[in-house]
Amino acid sequence: MSPIGIDAISIYTPPYSLPLTELARARGIDPLKYTVGLGQETMSVMPPREDIVTMAASAALPLLNKNPELKNTISLVIFATESGVDQSKAAGTWVHNLLQLNSKARVIELKQACYSATFALQMACAFMKQTPHQCALVIASDTARYGINTPGEPTQGCGAVAFIVKQHPRLIEIEEGAGIHTEHVMDFWRPPYLDTALVDGKYSTRVYLTALQTCWDHYQEATNRQYESHARFCYHVPFCKMAEKAHERLAKESCSDNSKHALIYPKLIGNSYSASLYISLASLLENDPEDLSGQRIGFFSYGSGCVAEFFSGVVAKGYQQYMAQEWHHHLIQSRTPLSCPEYEQFFLLNSLKSTESYSTIDSAAGSFEFLGVEGHVRRYKKKQSGL
Ligand code: CAA
């Protein structure tokens, strides 16, 4: 059987951020609670000219620019998101149009809180096993919104990841065998009439850790692998301290620090829900100073509600040459830091709109812009000076 997995990966986050020390100052909170207690430094803020579609297209575009042949070989586009922009039409159909993909490619949207990108990956692997000359484009794009002056506020953020799944992958081969945990819990959810999540915060952190333990036990049973069989670990990162606690749980007495490079991007971007685990993977592959070729990585994916999965992959030889570290560092470092009132203004402008037409205010964006709604139809534009 041919190896299958992730052949290329690209991340995107909008050009604005909020330093958590600024948020803490405005809320009258000790900044150490956010920077040490939650482990976060900044969070990306989505401007009115962006949404999950523009972030997704901006994440995917560099993959196509690097390899124009992809347009002819992508036969499946899976868009994973918690923050869908339409109750019926898949967000991926807008991305398909903005990127001018092949009309013979299937497009579908998946939802299960932050877990759906993992199912998208597994589904893409299953599809591509049958089709040696085609590939799947998997996109996860989300904006984490809890509301102004809520306990969840410092754990917001936004971003997107796009990756190509195919046979003989150049980055990471996804292995057979996974540990799964599904349970009906109300830790975090969002009814259709709300644009901010409802969350039982402390309970959600306990459910996350219980789901990790159950998945890990199931994974060990299915694969016979131990903690030591993995060189590195990537977790879903709602905030870095959560992933650190998860890692302590698995590492037990071993004091290995083998998840820290996976947290470099999430610490600066904040929660990106479905994209978070894969932004963490890009962070690991682009920032770990060791050559990880041939090493096994363990992945923990958690989606409130809840569905969770522990699975693994083996890093391909020479993966470094296919990463985009400089570009990703530039994206993150060139963001404009906002004051708290500026962030609040963007937050309110991005709230659910029920009118049939509106235009977004001019604000910096990536390669694609969300212009507003005209007669209930969302309008997008590719910028001339795109990537
Ligand atoms: N200096 C240093 N540390 C401090 C501090 C200070 N001055 N003040 C507080 N802290 C520490 C606390 O001790 C605590 O650490 P521990 O948990 O290790 O004890 C940490 O800072 C946070 O403090 P609190 O627990 O008091 O914080 P809170 O109640 O205000 O809210 C939260 C924390 C529950 C995570 C909240 O931000 C929240 O609801 N976030 C959204 C939900 C979430 O992210 N859940 C994660 C699991 S669910 C999931 O993963 C899916 C998803 O993406 C949403």
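Predicted model: local features only at pLDDT ≥ 70, side-chain atom pairs only at ≥ 80, totals over all residues.

Colleague: How do strands pair in general?

Modeller: Strands of a sheet pair through backbone hydrogen bonds, either parallel or antiparallel. In this case, strand β2 (residues 16–19) pairs with strand β15 (residues 336–337) in the parallel sense, over two bridges.

Colleague: In which sense do β2 and β3 pair, and over how many bridges?

Modeller: The pairing of β2 with strand β3 (residues 42–44) is antiparallel and has three bridges. Ser17 has Ser44 as its bridge partner in β3, while Pro19 is placed opposite Thr42 in β3.

Colleague: What is the strand order of the open sheet with mixed pairing?

Modeller: The order is β3-β2-β15, an open sheet of three strands. At its edges are β3 and β15; each has a single partner strand, so one side of each lacks a neighbour in the sheet.

Colleague: Which open sheet of three strands has antiparallel pairing?

Modeller: That is the sheet with the order β16-β17-β18. Here β16 (358–359) and β18 (377–382) are the edge strands, and because each has a single partner strand, one side of each is left without a neighbour in the sheet.

Colleague: How many bridges join β17 to β18?

Modeller: Strand β17 (residues 368–374) is joined to β18 by six bridges, and the two run antiparallel. Phe370 is opposite Tyr380 in β18, and Glu374 is opposite Val377 in β18.

Colleague: What about side chains along a strand?

Modeller: In a regular strand the side chains alternate between the two faces of the sheet. The turn is a separate matter: the hairpin of β17 and β18 has two residues between the strands, and Gly375 in that hairpin takes a positive phi near 55°.

Colleague: Which residue other than glycine has a positive phi near 45°?

Modeller: That residue is Tyr273. Tyr273 belongs to the loop between α9 (264–269) and α10 (276–287).

Colleague: Which two residues does a cis peptide bond join?

Modeller: Gly305 and Cys306 are joined by a cis peptide bond, with omega about -5°. Cys306 is found in the loop between β13 (296–303) and β14 (307–315).

Colleague: Now the ligand. Which residues around the ligand come nearest?

Modeller: Start from the shell, then go to individual contacts. There are 25 residues around the ligand, and those that come nearest are Lys33, Pro151, Ser204, His236 and Lys245.

Colleague: How much of the ligand does the protein bury?

Modeller: The ligand taken alone exposes 1100 Å², and the protein buries 73% of that. As for its site, the ligand sits in the second largest pocket.

Colleague: Which elements give two or more residues to the shell around the ligand?

Modeller: They are α2 (31–37) and α7 (201–223). The most comes from α7, which gives five residues to the shell.

Colleague: How does the shell around the ligand divide by class?

Modeller: The shell has 12 nonpolar residues, nine polar residues and four charged residues.

Terms used:
Residues numbered from 1 in each chain as written. Heavy atoms only, no water. Pairing = 2+ DSSP bridges. Helix = DSSP H or I, 4+ residues; strand = E, 2+ residues; numbered from the N terminus. Near = heavy atom within 4 Å. Areas by Shrake-Rupley, 256 points an atom, 1.4 Å probe, with all protein chains shown as cover. 1 Å grid on protein atoms, 1.4 Å probe; cavity = no way out; pocket = protein on both sides within 12 Å on 5 of 7 lines; lining within 4 Å. Sits in = over half its atoms within 2 Å of the grid points. Nonpolar A, V, L, I, M, F, W, Y, C, P; charged D, E, K, R; others polar.
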